[in-house]
Amino acid sequence: MAKRRSKAKSRKKKNQGSSLISTIRRIFVLAALVVICFIGVLYVFNYLYPVSETKTVVVEQKKTTTPVKEEPAEKKSKPIIPSVLKTTTFKIPANAEIPKLQAKRSEQVIRHEGYTVSYNSDYKIANWVAYELTAKEAKSKKTERSNKFVPDPAVKGATATNEDYTRTGYDRGHLAPAGDMKWSAKAMRESFYFSNICPQKPGLNRGIWKDLEEQSRLWARDYGALLIATGPVITDSMKQMGKNRVGVPGAFYKVICYVSGNEYKAIAFILENRDYKKTSLKSMAIPVDSVEKVTGIDFFPAIPDEQEKTMESKIDWDSWSF
């Protein structure tokens, strides 16, 4: 009887173990089916709604209390340039130095290597002479002074000669100075053409006029480049001298312009044909407008009107070093 009970218990335990194993197997099978179904659903969803591009998520950074302004990459790569060399941030119009004669006068415009001249055949002198002087040209010592005064071969009609100046008491004064033409042997020779020469009192030519020429070269070095127009103040009452009746001006002018950043800066001078002794050059500076009224010449007409009007109406003293 006891043996029967023991065998019954043993069968019962065996049946319980088999039932537990069977349950575990069913659980595993069910879990596997769930995983397979999930993978199937993902596959079908990806097939129906494919992802065509990868989106980038931008995370906004918190602002600091002292933000640092970043410069453009291209700006960082450039070397630091001294301010005196930053002459312009825009393109200067072509031939911006060339004036426009408004008064009714004889005029023949002649272009030479170093300058352009408006020649007046009535008085055998220039109405104006204009040129650009760069820092490189102002520093150049490539060519020695010529000192050979000759008639301009491009002039049509009568011209001054050396004989017109002999024993007159006047120097053969340069308008575009030889000192500005040392960068080229040809430019140097052409600066001694009589179309670029006017009768000047020695005290003017060798005094304050020379100081102005030297100051202009310093400005060209400092500011990178100058646009210069210079000439005699021509009047109907001018006296004339020599066989060819060369006009003797009572005064001379020089107007100068350069570019700083996105602005034009200009200054001008009118100097009587006499000795100024120890008069300072700065005390003789005037706005360009004042020279235009006296000469009947429009200076720098190629520059946009609004900028031209601004720079010619006054002198920005902070922009000119004396």
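These legends describe close-up views of aromatic rings in a predicted model.

**View 1. W219 and W320 form an edge-to-face pair.** In this model the count comes to eleven aromatic pairs. In the pair of W219 and W320, the ring centres lie 4.8 Å apart. Their planes meet at 70 degrees. Angles over 60 degrees count as edge-to-face, so this pair gets that label. The two residues come from distant parts of the chain, 101 residues apart. W219 belongs to helix α6, residues 208-223. W320 lies in the segment after α8, which spans 305-313. Are these residues buried or exposed? W219 has 0% relative accessibility, so it counts as buried. W320 has a relative accessible area of 5% and is buried as well.

**View 2. Y223 and Y258 form a stacked pair.** Their ring centres are 4.0 Å apart, with 10 degrees between the planes. This pair also links distant parts of the chain. Y223 sits in helix α6, and Y258 in strand β10, residues 251-260. The two are 35 residues apart. Both Y223 and Y258 are buried.

**View 3. Ring pairs build a cluster.** Which residues take part? The cluster holds W219, Y223, Y258, W317, W320 and F322. Ring pairs link them.

**View 4. The charged end of K201 sits over the ring of Y170.** That charged end is 4.9 Å from the centre of the Y170 ring.

**View 5. The charged end of R274 sits over the ring of Y276.** Here the distance from the charged end to the centre of the Y276 ring is 4.0 Å.

Note on methods
Residues numbered from 1 in each chain as written. Predicted model: local features only at pLDDT ≥ 70, side-chain atom pairs only at ≥ 80, totals over all residues. Heavy atoms only, no water. Phe/Tyr/Trp six-rings, centres within 6.5 Å; stacked < 30°, edge-to-face > 60°. Helix = DSSP H or I, 4+ residues; strand = E, 2+ residues; numbered from the N terminus. Buried < 20%, exposed > 50% of the residue type's maximum accessible area, 1.4 Å probe, protein only. Lys NZ or Arg CZ within 6 Å of the ring centre and 35° of its normal.
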